[in-house]
Amino acid sequence: MRLSRQLHSLSLLALAAALPGMVLAAPAAVSASHDSLDQRIKACTACHAPKERHDAFFPRIAGKPAGYLYNQLLNFREGRRQYPMMNYMVEHLPDDYLREIADYFAAQHPAPPPAQPSSAGTAALARGKQLVLHGDPGKKIPACIACHGEKLAGVAPAIPGLLGLPRDYINAQLGAWKNGIRRAHAPDCMAQVAQRLSDADVGAVSAWLGTQVASADARPAASIALPLPLHCGGVPGSSAQVAP
């Protein structure tokens with residue numbers, strides 16, 4: 001995944017540029033045992049700004065299910081996900097602290113960002129739409145909506161929404177799963193899905209998702225039909241239907 005590698009390199013450059021100011025501020029934001037929630041989230045909003053922009057490095061986290069955000073903070077703390085600033089920020093934070101941060105962002109619902117322009121061709125966008133809405137049974141790829149909800153707004157407590165994320169971020173994360181750089185609680189269903197996607201499929205899915213806009217009142221669904229197509233370690237109650 002050339003784009004994934006390029007984004008990783010660029011993100012390290014961006015991190016290096018940001019470190020001088022942010023590292024000095026980080027201890028005050030994360031080390032005090034009696035700090036306020038406003039102080040706790042300052043380290044987060046330095047990158048995940050309240051009015052989040054389309055940025056290849058920093059995804060939209062406002063409105064994501066609290067369980068999903070909490071799991072991702074654990075993944076960074078425990079090394080299943082690698083991004084130096086995030087790993088540094090959370091490496092010594094206790095579970096309750098991380099859960100409070102996750103609950104805070106889950107309760108935020110800013111206006112959805114606009115659609116992203118795409119240079120992908122008609123065929124690529126059609127393939128992306130097909131995979132998102134219907135999957136590819138021949139390759140044992142489930143539809144994205146089978147897990148992320150019909151409106152792609154996610155499902156409480158632990159499945160994230162897919163709309164409003166930067167196209168390049170989606171592309172890079174799928175590439176990271178394909179390459180084993182990003183991991184989740186076993187069984188890692190997204191790693192399985194990513195392995196079944198070709199590079200062209202990854203580009204098609206990320207391109208089509210980038211052209212979609214969530215409705216202003218979109219919220220994570222309260223439930224979804226179970227069992228899910230794949231058993232996902234971070235999702236309570238899921239079990240496998242599609243053979244790995």
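Rings of Phe, Tyr and Trp (its six-membered ring) pair if their centres lie within 6.5 Å, with planes under 30 degrees apart counted as stacked, over 60 as edge-to-face and the rest as tilted. By that criterion, a search of the whole structure finds one aromatic pair. The model is predicted, so local features need pLDDT of at least 70 and side-chain atom pairs count only at pLDDT 80 or more, while totals for chains, interfaces and linings use all residues. Residues are numbered from 1 along each chain as its sequence is written, and side-chain values use heavy atoms, leaving out hydrogens and water.

**Aromatic pair**

- Tyr 104 and Phe 105 form the pair, which is edge-to-face, at 5.0 Å centre to centre and with 85° between the planes.
- Tyr 104 is partly exposed at a relative accessible area of 24%, whereas Phe 105 is buried at 6% (buried means under 20%, exposed over 50%, partly exposed in between, with a 1.4 Å probe and protein chains only).

**Helix α10 with helix α6**

- The axes of α6 (residues 122-133) and α10 come within 7 Å and cross at roughly 85°, and the two helices are therefore roughly perpendicular to each other (65 to 115 degrees).
- The contact (heavy atoms within 4.5 Å) involves residues including Leu 125 and Leu 131 of α6 and Val 205 and Trp 208 of α10.

**Helix α10 with helix α8**

- The axes of α8 (residues 167-178) and α10 (residues 199-210) come within 8 Å and cross at roughly 150°, and these helices are therefore roughly antiparallel (over 145 degrees).
- Among the residues making this contact are Ile 170 and Leu 174 of α8 and Val 202 and Leu 209 of α10.

Note on methods. Axes fitted to C-alpha atoms, helices over the stretch in contact; angles between N-to-C directions. Helix = DSSP H or I, 4+ residues; strand = E, 2+ residues; numbered from the N terminus. Parallel < 35°, antiparallel > 145°, perpendicular 65-115°, else oblique.
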